Amino acid sequence: MRDRPAPTGELRSLGPTELIFSTTDARGVITAANGAFCRVAAHEQRDLIGAPHNVIRHPGMPAGAFRAMWDTLQAGRPFAAYVQNLAGDGVAYWVYATVTPLGDGYLSVRIGPAVERTWGAAAGAYGAVLEVERAARADGAGAAAAAEAGRDHLVQLLAGLGYADHDEFMHAVMPQEVLALVERRRWRADPAAVHGPAGDVLAACLLVTVELEDLLLRLDGLAHLAERLQAVERDALGAVAALAEVTLLASQASATVSDTAPVLTSTAGAMSTLGDEVGGMMTALAPALAGARRSVLRVRFLIALARLHTDMVVDVAQEVGRGEPEVGPEHLAQLSATLRDDLTAATAELAAAAGVLRAVGTDLEQAHDRLRRTDRFLATWRVQVPRYQVSRQLAPYVSPIDGRLRMSHEQLGAMRDLAQACEREARPFDDTALRGLVDAIARAAEGLLAPWPAGAAAGGAR
Ligand SMILES: Cc1cc2nc3c(=O)[nH]c(=O)nc-3n(C[C@H](O)[C@H](O)[C@H](O)COP(=O)(O)O)c2cc1C
């Protein structure tokens, strides 16, 4: 292995449709690297295999970003992030990297980043995190403590951008990057050009991409729903406070005219009991809405990851078919196993999200009905004010109550719409065809590891 080069300041891009893959053991020592990886990283494959993955680490990457990566992986979950790497010739290159647990090690698939807004945000955050890590080291912190300080600062910066944590950032970004990739790869590989089990894997994968189209189309609807869940969650607690204020005001106003218009006091009393109930429901709803949003974002992430891995399997199947030296049937078998796990995880998460959305939809409907009843009491109270000729005495109280009544229409409409959207997005996804295809891929992948009949692979794969 060559010494680590100094950055030349030059930048290299991945081809727009190019996918890099590598596998590592549990400690991050590279066990496989495809041709695209070797070319972009300007390393011979024999130099990469057996080397730790930090061989391509760029000094501009903060340790905190990798700390976040290892934390996630060690919790058994896939990870994704923008990463700047340094090739063997000193040229830097950016990737959007995904890393997935695979048996005792990990699998990484990387693409050229395309979503400028989030890529720029990540690059900017890394610069600031690096400063924090340097300052921590200057203050005597060890490498591990500086990396943790960096990770925490990264999370803080992401919070400033509206993401609760790193998971939320990657769940939001990954589908955007993968959808951009899918747009760039609008060609179809020809399974007939690849013979033997690799061709079978390729054919099944192409059908998987068709099935996944359906799921991908749902990504937009799910993204929109996630945004609305966040907006209603934000408004829910504000609405509780506003309602409590108005019911209190109506009770106070009623007390000042209890002699002349006692009916106002009883209307306000009924309203306040209902208002308390709505308050409790809305307060409980806020975390449920946040949970539903997280679930929706996770589904989008898993669907996008499955789609990315499908494309990776397609490329490797073709590389194996062409007999390219960097990849062999065993890599295709490994990737197929990962894809099978992805699809299983994505469909399971989809079913779980559907359950969460249905429950939230029902809660929203109930809260909506109670809120509407409370507002009806408020409207009745408001009509009673002129009827019992106390408008003049109650004039100072009336205007905020009228404000609430104006707002209530809008708020009730938003809640009802969201409940319906939850119901719509909760519709089950029929994964029968997908599961059949996954089985077909798994069978073909098993065939890959069996001895191949003579002449089965075009170009004589290894
Ligand atoms: C599958 C996998 C892929 C990885 N890909 C990269 C990569 O592209 N660039 C990189 O700098 N580190 C990558 N890493 C992380 C490195 O193993 C290492 O943690 C990181 O470079 C920080 O190095 P250091 O802890 O020696 O400072 C990867 C790790 C795994 C498990």
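Reply: What follows covers the model and its confidence, then the domains, then the helix contacts.

This is a predicted model, in which local features need pLDDT of at least 70 and side-chain atom pairs count only at pLDDT 80 or more, while totals for chains, interfaces and linings use all residues. Residues are numbered from 1 along each chain as its sequence is written. The pLDDT is the predictor's confidence in each residue, from 0 to 100. For the protein chain its mean is 89, and 97% of the residues reach 70 or more. Helices (H or I, at least four residues) and strands (E, at least two) are DSSP runs, numbered from the N terminus. Confidence is highest in strand β4 (residues 79-86), at a mean of 98, and lowest in helix α11 (residues 432-449), at 80. Over residues 454-462 the pLDDT is below 50, yet this stretch has 21 contacts in the model beyond near neighbours in sequence. Two residues are in contact if their C-beta atoms, placed from the backbone, lie within 7 Å.

The chain is divided into domain 1 (11-160) and domain 2 (191-449), with bounds from an automatic or database domain assignment. Their C-alpha centres lie 32 Å apart. Where the domains touch, domain 1 gives 15 residues and domain 2 gives 14.

Now the helices. Axes are lines fitted to C-alpha atoms, for helices over the stretch in contact, and angles run from 0 to 180 degrees between N-to-C directions. Angles under 35 degrees count as roughly parallel, over 145 as roughly antiparallel, 65 to 115 as roughly perpendicular and the rest as oblique.

Take α7 (residues 196-256) with α9 (residues 329-387): the axes come within 8 Å and cross at roughly 25°, which makes the two helices roughly parallel. Their crossing is left-handed, meaning that the near helix is turned anticlockwise from the far one by less than a right angle; clockwise would be right-handed. From α7 the contact uses A198, V201, L243, V246 and A250, and from α9 it uses P329, L332, S336, T374, L378 and W381. Nine of these residues are nonpolar, two are polar and none is charged. Here Ala, Val, Leu, Ile, Met, Phe, Trp, Tyr, Cys and Pro count as nonpolar, Asp, Glu, Lys and Arg as charged, and the others, Gly among them, as polar.

Helix α7 also packs against α10 (residues 391-425), with axes that come within 8 Å and cross at roughly 155°. These two helices are therefore roughly antiparallel, and this crossing is left-handed too. Among the contact residues are G221, R228, V246 and A250 of α7, and Y397, R404 and E425 of α10. By class, the contact has 17 nonpolar, four polar and three charged residues.

A63, G64, A65, R67 and A68 of α3 meet α5 residues including A143, E148, R151 and L154.
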